[in-house]
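Please keep the sequence and the model in view while reading.

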Amino acid sequence: MSTYVGYARTAFSSIVLLLAIWTGLYLLLTGRGERFNVGGYLLRISPYMWGLYGISFCIGLSVIGAAWGIFIAGSSILGGAIRTPRIATKNLISIIFCEVVAIYGVIMAIVFSAKLGAVNSEAGFSSSDYYTGFSLFWGGLAVGLSNLICGLAVGVTGSNAAVADAHDQQLFVKILVIEIFGSVIGLFGLIVGLLVTGKAEDFAGVL
Amino acid sequence: MKEIYFNADAGYLEGVVRGYRDGLITKPQYSNLTQCETMDDLKLQLATTDYAPFLQNEPSPISTSTLSARCTDALVAEFQYLQQNSAEPISKFLEYITYGYMIDNVVLLITGTLHERDTHDLLEKCHPLGFFDTMPALCVATTVQDLYNTVMVDSPLAGYFRECLSAEDLNELNIEIIRNTLYKAYLEDFYNYCMACGEPTASIMSEILNFESDRRTVNITINSFGTELSKDDRSKLYPRLGNMYPEAQTRLARVDDMDQVKAILEQYSEYKTMLLGVNLNASSGGVGGNELSLEDRFFIKEVDLNKEAFEQQFHLGVFYAWLRLKEQEIRNIVWVAECISQQQKDKINNYTPIY
């Protein structure tokens, strides 16, 4: 059964590849190669689109990271707390560390969305608007990705902390220090996100 | 990358099993146990451990066999809790662990039937972890073909039986061969399954299973001295894995006495330290004094390996390791209990401490 699925996948991807090569060669050989213009395509995308994508990556990836971390740490806390219930309250700190990551995402999304505004100018977007759109996109992506990774890191160390704490109380603080280092990664993303969008003006259009 | 999705299926159970591990009897508790004068004292001491709920309703002059049975009940209760709460990758893994017990039960039942023992008694003696539905029907089988066609074909062990079918009738030697062939097939299958689980389960389980395989190889070699098992057949019973596969195994297949076995084992650094000062002819527990037999040394080594499995998180090895440690603990308790009930206090310290 699985071999047939494998054949079908190979056949499908080779057909797609063939079509792509055919289209590319067709455009090139009929003298219309300049139609395949990545830069032009990117510039035709509205700066609003860039900005809003950035904001949604920022909040979306952060929340995924936080939720993922909470479930990694949470399931271990749950299991460990069966025998040693005392770890449950103490290890909520790991859950809070993960939650902080989502809060970073929310804060940055609010800061970014303050730069959005209606453009009423007849002449359309100015180059400053494009700069704002791009910087919101990449700033948001930077914040989102670093928060995602931070959430995972804190979740894994939080899980370690819970398991170690259940075995030996003294280990809790030691692993908590490592966990704090992990949670700083999210803060780095936050700072970089602020710097990247720092020089971006609000949307205004051609004045 | 295992860390980030392992907990989705196994995080809770891993926490639970680590909790079980913390419930294992520690050194000070052992020294309390060994100072008991009577079985009642022992029972009282065990009331501070996880075995308490299983022992408290036993009438007071408790026998060693009841103690052992109740301790096994405690182990089974914990294992079944894990099994009931497990989802796919772990449930399969836990199932694999039970196959080993199934093999023991099958062999126990066949041997019992051969000696015309009462079926009911035999079923009670079976390890509860190795129960499977068609097991009681084992008692009617008289030939290997029968055994396979009526019982084993529906059991999870069916696949392992392939190599046993060549044996014609059921006698003592053939049963031993069946046991070892089944166990060999089981170990190899389990090993392959663990390898497919990916890191870090693979590396941790491979160490434990390699050791298990080496131990079986050595035991098969030692037990086949002075029997009618030919050297060719002996090498067929060795599991095809382990640190000694294949080079040392081919040499072990040809040896005739303990000293040659020792010479081969000494070439492996991990077994060389183990063999220092070992009394090769002692039976388990030592003949007196503090001499340990080879079997005891293997147990100590096994405990060490299983303890190492707890040094890492996010792998399935802890489930296996915990079960092995718990089994060792029950063996220890039974040893202490036997020494107390038989007034052999000088040997009481020959158990294998865990933590």
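## The interface between the chains

In this report, contact means that heavy atoms lie within 4.5 Å. The model discussed here is predicted. The contact draws 17 residues from chain A and 17 residues from chain B. Of the area that chain B buries against chain A, 36% is supplied by Ile4(B), Asn7(B) and Tyr12(B), more than by any other three residues.

The size of an interface is often expressed as the accessible area that is lost when the parts come together. Between them, chain B and chain A bury about 1400 Å². Carbon and sulfur atoms account for 60% of this area.

## Polar and charged contacts across the interface

How many salt bridges does the rule find across the interface of chain B and chain A? There is 1 salt bridge. The side chains of Arg83(A) and Asp50(B) form a salt bridge, with a distance of 3.0 Å from N to O.

Between chain B and chain A, 10 residue pairs are in polar contact, counting pairs with both residues at pLDDT 80 or more. The side of chain B that touches chain A comprises 6 nonpolar, 6 polar and 5 charged residues.

## Salt bridges in the whole structure

Over all chains, a search of the whole structure finds 18 salt bridges. One of chain B's pairs is Glu14(B) and Arg18(B), whose side chains meet in a salt bridge at 3.1 Å, N to O. Because these two residues are 4 residues apart in helix H1 (residues 2–22) of chain B, about one helical turn separates Glu14(B) from Arg18(B).

## The largest pocket

Rolling a probe the size of a water molecule over the atoms shows where empty space is left. The largest pocket has a volume of about 1400 Å³. Its lining consists of 44 residues, and those nearest its centre are Gly100(B), Asp104(B), Arg179(B), Tyr183(B) and Arg216(B). By class, the lining of the largest pocket has 16 nonpolar, 12 polar and 16 charged residues.

Several helices of chain B each supply at least two residues of this lining, including H5 (64–84), H6 (88–114), H7 (119–125) and H9 (172–196). Also among them are H10 (201–223), H15 (294–309) and H16 (317–341).

Which residues does a cis peptide bond join in the loop regions of chain B? One such bond joins Glu199(B) and Pro200(B), with omega about -5 degrees; Pro200(B) is found in the loop between H9 and H10. Another cis peptide bond joins Tyr245(B) and Pro246(B), where omega is about -5 degrees. Pro246(B) is found in the loop between helix H11 (231–237) and helix H12 (247–252) of chain B.

Phe314(B) is not a glycine, yet this residue has a positive phi of about 65 degrees. Phe314(B) is found in the loop between H15 and H16 of chain B.

Definitions and conventions
Residues are numbered from 1 along each chain as its sequence is written. Chains are lettered from A and ligands numbered from 1 in the order in which they are written. This is a predicted model: local features need pLDDT of at least 70, side-chain atom pairs count only at pLDDT 80 or more; totals for chains, interfaces and linings use all residues. Side-chain values use heavy atoms; hydrogens and water are left out. Buried area is the accessible area (1.4 Å probe) that two parts lose on being put together, summed over both. A salt bridge is a side-chain nitrogen of Lys or Arg within 4 Å of a carboxyl oxygen of Asp or Glu. A polar contact is a pair of N or O atoms within 3.5 Å; within protein, one must be able to donate a hydrogen and the other to accept it, and residues adjacent in sequence count only if both atoms are side-chain atoms. Ala, Val, Leu, Ile, Met, Phe, Trp, Tyr, Cys and Pro count as nonpolar, Asp, Glu, Lys and Arg as charged, and the others, Gly among them, as polar. On a 1 Å grid over the protein atoms alone, a cavity is a set of points where a 1.4 Å probe fits but cannot get out, and a pocket is an open set with protein on both sides within 12 Å along at least five of seven lines; lining residues have an atom within 4 Å of a point. Grid points are joined across faces, edges and corners, and a volume is the space filled by probe spheres set on the points.
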